[in-house]
Amino acid sequence: MQSFKQHTDREVNVDTFIGLCLMSVTYMHSAHFATKSYAQHKAFEEFYKEMSELVDKFTEVNIGITGVYKPVLKTENNIDTVEYLRRIAVTGEEIYNSVDTSLQSIIDEIKTLCYQTIYKITHFA
């Protein structure tokens with residue numbers, strides 16, 4: 001059984017992951033408008049549409065399991081889209097073993113989306 005401190009740390013990390021995913025929808029939507037590359041335009045569009053559904057599913061399942069959610073939304077200016085996508089994947093990996101297997105499968109989908117988008121925006125520019 002987890003101690004209160006461990007459980008609290010887990011919640012903060014999960015909420016941080018949710019916040020990164022939520023903010024990525026806006027950041028990638030902005031990048032979708034800003035790029036001059038049609039391939040990147042389409043890759044960013046695919047990302048923000050899919051991520052919106054994935055983060056919604058992840059958050060609802062997490063609340064269903066834990067009963068809690070505390071928004072952790074941090075805005076950033078001038079983000080590097082590839083670095084931001086990698087940060088989402090790394091954060092997902094960091095919380096992976098502390099969450100239920102139903103959430104792990106959604107993290108896998110989110111990481112796949114991030115890495116696939118990195119591939120598309122760096123190889124089809």
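## Helices, core and aromatic pairs

Phe124 has a relative accessible area of 43%, so this residue is partly exposed. That value comes from a predicted model. Partly exposed covers the range between the two cut-offs, under 20% for buried and over 50% for exposed.

Phe124 has an aromatic partner. The ring centres of Tyr119 and Phe124 are 5.3 Å apart, and their planes stand at 90°, so the pair is edge-to-face. Tyr119 is partly exposed too, at 42% relative accessibility.

How many aromatic pairs does a search of the whole structure find? The search finds 3. A pair of aromatic rings is described by the distance of the centres and the angle of the planes. One of the pairs joins Tyr27 and Tyr84, with centres 5.1 Å apart and planes at 80°, so this pair is also edge-to-face. Tyr27 belongs to helix 1 and Tyr84 to helix 3, so their pair ties together parts that are 57 residues apart in sequence. Both of these tyrosines are buried.

Here are two of the pairs in short form.

| Pair | Distance between centres | Angle of planes |
|---|---|---|
| Tyr27 and Tyr84 | 5.1 Å | 80° |
| Tyr119 and Phe124 | 5.3 Å | 90° |

Now for the nonpolar core. The largest one holds 33 residues. Phe17, Phe47, Met51, Phe58, Ile88 and Ile110 touch the most other members. Which elements give two or more residues to this core? They are helix 1 (4-34), helix 2, helix 3 (81-95) and helix 4. Helix 1 gives the most, with 10 residues.

Ile110 shows how the contacts run. Setting aside residues up to four places away in sequence, Ile110 touches Phe17, Cys21, Met51, Leu54 and Ile88.

Next comes helix 4, which covers residues 101-123. Its 23 residues should span 33 Å at 1.5 Å a residue, and the end C-alpha atoms are 33 Å apart, which agrees. The buried residues of helix 4 are Leu103, Gln104, Ile106, Ile107, Ile110, Lys111, Leu113, Cys114, Thr117, Ile118 and Ile121.

Is Lys111 buried or exposed? Lys111 has 16% relative accessibility, so this lysine counts as buried, because buried means under 20%. Beyond its neighbours within four places in sequence, Lys111 is in contact with Ala89 and Glu93.

Ile118 also lies in helix 4. Its relative accessible area is 6%, so Ile118 is buried. Leaving out neighbours within four places in sequence, Ile118 is in contact with Val82, Leu85 and Arg86. Lys49 is 69 residues from Ile118 in sequence, and the two C-alpha atoms are 16 Å apart in space.

Helix 2 comes last. Helix 2 covers residues 38-66, 29 residues in total. From its first C-alpha to its last, helix 2 reaches 41 Å, close to the 42 Å expected at 1.5 Å a residue. What lies at the start of helix 2? There, a side-chain oxygen of Ser37 comes to within 3.3 Å of the backbone nitrogen of Ala39. After helix 2 comes Gly67, with a positive phi near 80°.

Terms used:
Residues numbered from 1 in each chain as written. Predicted model: local features only at pLDDT ≥ 70, side-chain atom pairs only at ≥ 80, totals over all residues. Heavy atoms only, no water. Helix = DSSP H or I, 4+ residues; strand = E, 2+ residues; numbered from the N terminus. Buried < 20%, exposed > 50% of the residue type's maximum accessible area, 1.4 Å probe, protein only. Contact = heavy atoms within 4.5 Å. Expected span 1.5 Å × (residues − 1). Polar contact = N/O pair within 3.5 Å; in protein donor to acceptor, adjacent residues only side chain to side chain. Core = buried A, V, L, I, M, F, W, Y, C linked by side-chain atoms within 4.5 Å. Phe/Tyr/Trp six-rings, centres within 6.5 Å; stacked < 30°, edge-to-face > 60°.
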